[in-house]
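Let's take a look at the pockets in this one. Which parts of the chain line them, and what sort of residues do they bring?

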Amino acid sequence: MEKSLASTIARFADLLLDAVCMVDADGRFVFVSAACERIFGYAPQEMIGMQMIDLVAPADRERTLAAARSIMDGQPNSRFENRYVRKDGKIVHIMWSARWSEADQLRVAVARDITATKQAEAMQYTLYAISEAAHASDNLPALFERIHGIIGAILPTAGFAVALRGELDECLQFAYHVNANGSVGPHPVARWLGEEVSRSGQPVLLTPANMTLLPPALQAAGLAPDCWIGVPLATTHGRIGVLLLQGGEASGLSGYTDQEQELLLFVSNQVATAIHRQQLYTRLRFMAQHDELTQLPNRRLFHDRLQMALARAQRHQTQLALLFIDLNKFKQINDDHGHACGDQLLREVAQRLKRCVRESDTVARLGGDEFVVIVEEVLVAADAQQIVEKIHQVLALPMSLADGLSLTATASIGVAHYPEHGSDIAQLIRYADQAMYAAKQTVEHSG
């Protein structure tokens, strides 16, 4: 009677949508219901005798074994979640309800497939998080860092990269690349994969099993057979770049799956929109703060930079110099050779002025033929005078302009020193401006 009842219960267990599993003390399946084949991809007879832990995703094995020991110690668990690798290689998310039967020396568990729920949650989380990141980030590097964290929360990553197309030549440039060693140069496989995805516009899933996709040179290099996913970053305006994920030992992953590629492809659409929006914002902000002709900071940004430089000088008790520069006889150049030639000369002057100072200093155009230079951490007045002399020298060198025309330029330069010539912005600007006009009058009288 008992055997008959047991067999009847076993047959009815096969009607359940959830899977029923029994695992012995050694961790081997001794009974699985029919639903296991739908969830795990293995026929029941294939699973009997298999080690349960061998089917668990590598990254979840340690905590799964810890949970199993706890259950066998008499602590039932009704909501344990982990991931299994199906027979076809896909990842399935499982919620378990399990307890230990001391009399039968078996762990009895019911498994529910929650993969669809997990994917829906991941997509919903990603949509919200990327939208938040797009609004909270002030620049592209900050946005990339936030997106890296968002994707790393839903997909295992040992490396993460964003490569963007250039606006003019459309060459792929790595704007962000981080792996287990921190911010480093792009991996050779990442460069190849980025170009391949950018060229085809299609996602590429690279695993140790299909490394033959790599060019012979990369195969011969004996690179570690990590797993990679590359997906295009596309907006309604076209493709703007590529998003790359690297798996491997650091991610606890033996290979990405088609499911994870689909999830990343979905995420990439949101990422591309966020990047495109940030690019537009950055471009508009640049246009608002820079001179259109020379791309130098304009009057508004110059005042902001001078205010910050003066605050630093006051805080650290250092000196700074402010140079006002006005080209001599620029109107005559416009009258004799045309405004297009004058514009070309202004662009060349801007580049030469930038080469006369450090990267940390500021060269700005106030308008017309007027330029200013902020030189920070000046030790003595002679330092600024050396820059003035250097500017005179570089402007005196011939400038090759349109139609074979070659011109040189001279400039009148006024210098103000903080704190000698003023303790605030207005005083420094007024002194440098007056010194520049005094120098110009000397040139005009001598001419």
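Predicted model: local features only at pLDDT ≥ 70, side-chain atom pairs only at ≥ 80, totals over all residues.

The largest pocket comes in at about 530 Å³. Its lining takes in 23 residues, and R83, H93, K118, I154 and L263 sit closest to the centre. Five elements each put at least two residues into that lining: strand 3 (77-85), strand 4 (91-101), helix 6 (115-136), helix 7 (140-154) and helix 10 (258-289). Helix 6 is the top contributor here, with 6 residues.

On to the second largest pocket, which has a volume of about 380 Å³. It has 18 lining residues, and the ones nearest its centre are R165, G166, E167, Q279 and R283. Strand 6 (159-165), strand 7 (172-179), strand 11 (238-246) and helix 10 each give two or more residues to this lining. This time helix 10 gives the most, with 5 residues.

Which element turns up in both lists? Helix 10 does: it supplies at least two residues to the lining of the largest pocket, and it is the main contributor to the lining of the second largest pocket.

Terms used
Residues numbered from 1 in each chain as written. Heavy atoms only, no water. 1 Å grid on protein atoms, 1.4 Å probe; cavity = no way out; pocket = protein on both sides within 12 Å on 5 of 7 lines; lining within 4 Å. Points joined across faces, edges and corners; volume = space filled by probe spheres on them. Helix = DSSP H or I, 4+ residues; strand = E, 2+ residues; numbered from the N terminus.
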